[in-house]
Amino acid sequence: MGFDQPPFWRYLAWVGRFALGDLGTSYTYSVPVSELIGERAGVSIPLALMAITLSTAIAIPVGVAAAAWRGRPADAGIMGVTQIGVAMPNFWLGILLVLLFSVRLAWFPASGFAGWGGGVLQGLRSLLLPALALALPQAAILSRVTRSAVLETLGEDYVRTARAKGLGPAAALWRHAVPNALIPVVTILGLQFSFLLAGTVIIENVFTLPGLGRLMFQAIAQRDLIVVQDLVVLLAGSVIVVNFAVDLLYAALDPRLRHRGAA
Amino acid sequence: MRRILAAALLLLPAGAHAKDTLSVGMVLEPPHLDVTAGAAAAIREVTYANIYEGLTRIDAKGDIKPALAESWTVSPDGKTYTFKLRANAVFHDGTKFDCGVVKFSYDRAAAADSVNAQKPLFAAIAKTECPDPQTTVVTLSQPTASFLFNMGWGDAVMISPKSAATNKTNPVGTGPFRFKAWAKGDRVELVRNPDYWGEKAKLSAVTFRFVADPTAATAAMLAGDLDAFPLFPAPEALDQFKADKRFTVDVGSTAGKIIMSLNEAKKPFDDLRVRRALAYAIDRKQYIDGVLSGFGEPIGSHYMPGDAGYVDLVGAYPYEPARARALLAEAGIKPGFAMTITLPPPGYARKGGEVIAAMLEQVGITAKLAPMEWAQWLDIVFKQYNYDATLIAHVEPRDLGIYARESYYYNYKNPEYRALYEKYLAATEPAAQADLLGQLQRKLSADEPNVFLSTLPKIGVWNAKLRGMWENAPVPANDLTSVYWAE
Amino acid sequence: MKPSLAIGATLTGLLIGVALLSLVWTPYSPTAIDILHKLAPPNAAHWLGSDSLGRDVLSMIMAGARNSIAVSVIAVAVGAGIGIPLGCLAASRGGWVDQAVMRTTDLAFAFPALLTAVMITALAGPGATNAMLAIGIFNIPVFTRVARGAALSVLQRDFVMAARAVGKTGWAIVTGDVLPNIAAVLLVQMTIQFALGIIADAGLSYVGLGTQPPAPSWGRMLNDAQTYIFRAPLLAVFPGAAITLAVLGLNLLGDGLRDRLDPRLRGR
């Protein structure tokens, strides 16, 4: 194990092995850390993806609707609800969802993960409540961003010109305002990824899901430091990768940048 | 909206059908699954009788039953045991069970480099011989009355020579269940062994799920994610299980004594007045009601009510905060005195700490609570003796001897007690023994080295349709061999 | 005054008022147990009911407000105290100092804040002090960035140019001209981080790493309540509602302040 080496050399050795893709061996389970992380990622990544998907699927229509109804009671209502959504801690939302769907209605499991062995549907079912708990507060933020982005593009000259040329309000909204509003929305989505990752740590504890977050807690409790180190670096790395991907997507979505690319 | 509802309905489980699988909750995950290479109770709770079997086995009542030995005879001098082995037992890896396996298993456990957690159990074995493949003769160096019981422990199970090295991650035994998979941090799955030598298990598959959090355990049981939680960690939630016809609640007893250990090597806990003040300051009834939901009996020393020689000393320190304050003042402890109570993970400690802190506040003591994981607790409290006070259950039966030790984590060093204990060990007459046991308990109560709180209940919750679960746990095990679902 | 600012100011005032009041008075002692009357529903004696040890929920929520505010305020102070000077330094010096500071904050942003706070508190030991520091550390890059951005735009303005022209330099400009002009932006950021701090503190306490018992905390109340979710579901509702209202108030206050202080954004 090299425990006779000074800590700094052990650390360097760890960095070196890590760079080569060798994550080391877990002290608690005496299995390769990559194996542990692989198992747990099978819960956390689908959970994060599901949350992002739900959040986007909810936020964009709601945000666009609020923009379309600007100034009307419906807009005020949506904005009020999203303010509350932003303020709600996701783990409390998780508890409330358990209270409603598991305790009262018994539709969904209150905790645990059914595994992918029983079919994709079974697995997704046990991730739905935690994904919702993660997604709703994010959706609240995202729909506010969508609304103001759409309003901003609606106010821009080319949209006004199109309207003056006789384009209907709905067409102006969907053909011009919404596609252009996607740029800030994607940026925020990328930023939210980091919040989401942190959120899964707590949410996995609310629902006792065997994901990366729980692995982190267990590793910390057992002083399984190599697992902790590996996880932190991997999670930080994934945030960097996602932010990079967002930059790429940003370029693809921005018509000005796109034209420059085509030229 | 309707489409969303339809999608939600699709996700609901299919209609009920005759159930033959079981998911069992456990608080701690085993570190590995080789029962011959570790002391963790969690290993036994998964594998004992389910995966591994020994020559004998211990049943739900704590009685010795034949397992891989069909029958046995004992020589008149009590030193030679002749076992007749099952003819048709086969390991999950295909190895045939015969006397060679017995010899391999016992020799391995007793070997100099053995990592068996109960190596002393095998010290009595002088030799293991095989007159024929279906017969084993074990010769002991001295008569050992508990030999058949000892060979029923998890540590004495039969191991296939072929898979002995890999049992930690892929356990192989002769039992009615086979190991299927282990998702670390989450679950271990077993499936029925179709080639079992005896009556086949009624359950086709078993999942052990590890749920440490009392809240999550409660939710998982109530939601039906788990069918059984034999050592349920949330006594506070029992009322709702009792009120719910879907569940059976089983409260048994253990040999566990919950105490607040005090470090006598630290001031002011070396002062008898301070220790007594703490005893007067704590209302055991409130502790039991609030923390154990009433399941538990108050204790007055380190001894279980009902054990031989028990004397009732619960009344020695009634709940009298005024007296506690007076004693503290006498000992020169000023109001606002701060002490730290170290708390291991179980609820009797974590929740108990809050209750006791509130009670100590009433007598002017500020208790800081320091929750920690087991590994840390073992290191700081149990090894380094570096703590003020801690809440802990001692689960070993009849362990008055720990107060006579040279060095132990609470640093109670009392020559009189030690002399009494020596006398007790030497006593042969039952009456004299009982009398000395009484004296030992009285001495402990008078010295109050630790504050004795309550017995530790064993609380199990399982589905009311489940049959064949163990009601008591004479050995750590979740024996599922005869568990089934009633219609 | 816009309604959101009014609501935000009221809620925040209420939060702080309750916390201050809890220093001198709560209906019961928030740590006093009363096993006989545990898990009582809201009634005349206990307005919000009692918890699993018979403690008064209202008193615990009041005292919890105090702890929550203490953690967040100190976390904001740590973040602002270090982040703002760093940001101003980066903006006024430029060059490699700017590069170094900004790349460091980029790196810090890559670590999910709450996740790393979990790690810090878990390794350094659970407790309110470590929670404050852990949350505070992740406030630093936020304040650095905001301060730098705002300071850069102020540094471009004519009056700073004029100050430079008359020989004012370095810290004199930062403290005399820049800080007063970016104070509004920073104040808004402080309310936002204050709100995030309350959520982070609740999250850490919920998983057992924040404020330790017997000191009441909203997060731990929620954790405890989850055990009794079937018997006393309201126990899980009140502390969560307290967190949500506190955060809502601060967010609305922040939004309102931004609208008032930053004319460019008015009417958005």
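Student: Is the link of B:Cys99 and B:Cys130 left-handed or right-handed?
Tutor: This is a predicted model, in which local features need pLDDT of at least 70, side-chain atom pairs count only at pLDDT 80 or more, and totals for chains, interfaces and linings use all residues; side-chain values use heavy atoms, with hydrogens and water left out. Residues are numbered from 1 along each chain as its sequence is written, while chains are lettered from A and ligands numbered from 1 in the order in which they are written. B:Cys99 and B:Cys130 form a disulfide (cysteine sulfur atoms within 2.5 Å), with their sulfur atoms 2.0 Å apart. The angle about the S-S bond is -85°, and the link is left-handed.

Student: How many residues apart are B:Cys99 and B:Cys130?
Tutor: B:Cys99 is in helix α3 (residues 99-110) of chain B, and B:Cys130 is in strand β6 (residues 125-132) of chain B. Helices (H or I, at least four residues) and strands (E, at least two) are DSSP runs, numbered from the N terminus. The pair thus links distant parts of the chain, its separation being 31 residues.

Student: What area is buried between domain 1 of chain B and domain 3 of chain B?
Tutor: The assignment, automatic or from a database, gives domain 1 of chain B as 17-25 + 170-253 + 458-485 and domain 3 as 255-457. Their centres, taken over C-alpha atoms, are 33 Å apart, and eight residues of domain 1 of chain B are in contact (heavy atoms within 4.5 Å) with seven of domain 3 of chain B. Buried area is the accessible area (1.4 Å probe) that two parts lose on being put together, summed over both. Carbon and sulfur atoms give 63% of the total here, which is about 660 Å².

Student: How many residue pairs are in polar contact between chain A and chain C?
Tutor: Between chain A and chain C the count of salt bridges is zero. A polar contact is a pair of N or O atoms within 3.5 Å; within protein, one must be able to donate a hydrogen and the other to accept it, and residues adjacent in sequence count only if both atoms are side-chain atoms. With both residues at pLDDT 80 or more, the number of pairs is two.

Student: Which element gives the most to the side of chain A that touches chain C?
Tutor: Chain A has 35 residues in contact with 34 of chain C, and the buried area is about 3100 Å², 80% of it from carbon and sulfur atoms. A:Phe91, A:Trp92 and A:Ile95 supply 18% of the area that chain A buries against chain C, more than any other three residues. Among the elements giving two or more residues to this side of chain A are α3 (73-87), α4 (90-104) and α5 (120-154). With eight residues, the element that gives the most is α4(A).

Student: How many helices are there in chain C?
Tutor: The C-alpha trace of chain C spans about 75 × 45 × 30 Å along its principal axes. Chain C has zero strands, and its helices number nine.

How values were computed: A salt bridge is a side-chain nitrogen of Lys or Arg within 4 Å of a carboxyl oxygen of Asp or Glu.
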